[in-house]
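Good morning, and thank you for coming. Please look at the sequence and the model on the screen while I speak.

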Amino acid sequence: MKTALIHDNYGINEQGHFTVCGYDTVELAKEYGTPLYLLDEDKVRAMSRLYTFNAKKYYRKARILFASKALSFKGIYKIADEEGLCCDTVSSGEIFTALSAGFPPEKIYFHGNNKTPEDIDYAARSNIGCFIADNLTELDIIDETAARYGKKANVVIRITPGIDPHTNVKVVTGSVDSKFGNAIETGQALEIVEYALKKKNINLKGYHCHVGSQIFDPQPFFDAADIMFEFIADAKARTGYEAEVLNLGGGFGVRYIPEQKNLDVEFMLSEIAGRVRENCEKYGIAEPEINFEPGRSIVAAAGVTLYTVGNVKTITGYKSYISIDGGMADNPRYALYQAPHYPIVANKADTDMDFVADIAGRCCESGDLIEEQVNVQKAEPGDILAVCVTGAYNYSMASNYNRLPRPALVMLSKSGKRIGIKRETLEDLIRNDI
């Protein structure tokens, strides 16, 4: 089995080494050390432009919000702003990071199912563009906070459409019993709309829904659009209010392993646009501004994580392990929900992947694995292992478990390379200890 170059920014050079954005990953590991996050800035920009170009092409009015929970650091917000994206945030920390990078506050949308009063106060003081309100209690706090600052807060209400997108149960967010939003089926969605319309310091802009992640087929978005437009029409008939904005969420899929396909962004957005227009005509609704929230699909393939192999252990008659100098502390996705990964021995990328092994992390935890029973090149101590498609939910979910410092992140582009996030030191680990 030969190495599959599953994204167009990956390659193999004349030395047989794996490359990202044209850079030799073996040389990068020597220069910056491991574990090491790489982020291909050119790929991030290319994916951002795919979304913004097709949103403008197929919709009367649309906005692309980068879902910054996928990857949040100052550098990513600078790129998002330069590429014309808004951003979706889920904490005061993400808002602070965006603002620290100079991101315009009016382009920030604030999500979350349990924003604290302090979160809402910080967002209001920061003049963010819009709150995505999850529940009645939150509406009360937003209303009271806006009144205190003498302003009206823009609000979009999160609605639960009751859809199963047939992805991993741990990333389904649109089912009736989800912790997020207000279910149409139970009548609570209409109740919160009526409640919001009575608030003096809330400017209701529209509705939001999100059904899940790793979606490659437009059908779940069709289902969401059908249900949401029926709700828009019903709410209009009952309250007289017609939504100006419909946020259909994110969840666009990414190719993590060769067996998966690459997402066709233009196909997805054009097909969804057709369904939007059909529903507008069916219900006599003016076409609202459509929002999407891609995160993973913008940054995932731009990322690769490099590790140094420590040992290769074969348990005779059972299995083999390739142990690396990172693991669940810098990439918890396999431990959390068995997310698939594609590892390559970077300095042997031109050789056959004919060795079957579990990729084991260094944490003192049996579940610290990056992938199980995967075909990879035969590794030896000191080899560099590259794990592909780690730009999303790796750095943003990293921890200091086992008191391990978080890795550095190096940004790559055709114009050069630079540190985007410094490697944590041992001193950083005790910085807040007393």
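At 45% relative accessibility, Q373 counts as partly exposed, because buried means under 20% relative accessible area, exposed over 50%, and partly exposed in between, using a 1.4 Å probe and protein chains only. Q373 is found in strand β18, residues 369-376. Helices and strands here are DSSP runs numbered from the N terminus: helices are H or I with at least four residues, and strands are E with at least two. Although Q373 is not a glycine, its phi is positive, about 45°.

A word on the source. This is a predicted model, in which local features need pLDDT of at least 70 and side-chain atom pairs count only at pLDDT 80 or more, while totals for chains, interfaces and linings use all residues. Residues are numbered from 1 along each chain as its sequence is written, and side-chain values use heavy atoms, with hydrogens and water left out.

How confident is the predictor? The mean pLDDT of the protein chain is 96, and 97% of its residues reach 70 or more; pLDDT is the predictor's confidence in each residue, from 0 to 100. Over residues 165-174, however, pLDDT stays under 50. For that stretch the model has 30 contacts beyond four places in sequence, where contact means heavy atoms within 4.5 Å. Where pLDDT is low, the predicted coordinates should not be read in detail.

Next, two further points of the backbone. Q214, in the loop between β11 (202-208) and α8 (219-239), also has a positive phi without being a glycine, at about 60°. The peptide bond from T34 to P35 is cis, with omega near -10°. P35 lies in the loop between α1 (25-32) and β4 (36-40).

Helix α1 also holds T25. Is T25 buried or exposed? At 0% relative accessibility, T25 counts as buried. Leaving aside residues up to four places away in sequence, T25 touches F18, T19, V20, L38, L306 and A346.

I turn now to helix packing. α8 packs against helix α9 (residues 265-283) at an angle of about 25°, with the axes 9 Å apart. Axes are lines fitted to C-alpha atoms, for helices over the stretch in contact, and angles run from 0 to 180 degrees between N-to-C directions. That makes α8 roughly parallel to α9: angles under 35 degrees count as roughly parallel, over 145 as roughly antiparallel, 65 to 115 as roughly perpendicular, and the rest as oblique. The residues of this contact of α8 with α9 divide into ten nonpolar, two polar and four charged. In that scheme Ala, Val, Leu, Ile, Met, Phe, Trp, Tyr, Cys and Pro count as nonpolar, Asp, Glu, Lys and Arg as charged, and the others, Gly among them, as polar. Among the residues that meet are F221, F222 and F229 in α8, and M268, I272 and Y283 in α9.

What is the angle between helix α2 (residues 41-58) and α9? It is about 30°, with the axes 9 Å apart, and α2 and α9 are therefore roughly parallel to each other. By class, the contact of α2 with α9 has eight nonpolar, two polar and three charged residues. The α2 side includes M47, L50 and Y51, and the α9 side includes V265, L269 and A273.

Finally, G284 is in the loop between α9 and β13 (289-292). At 54% relative accessibility, G284 counts as exposed. G284 and L429 are 145 residues apart in sequence and 58 Å apart in space, C-alpha to C-alpha.
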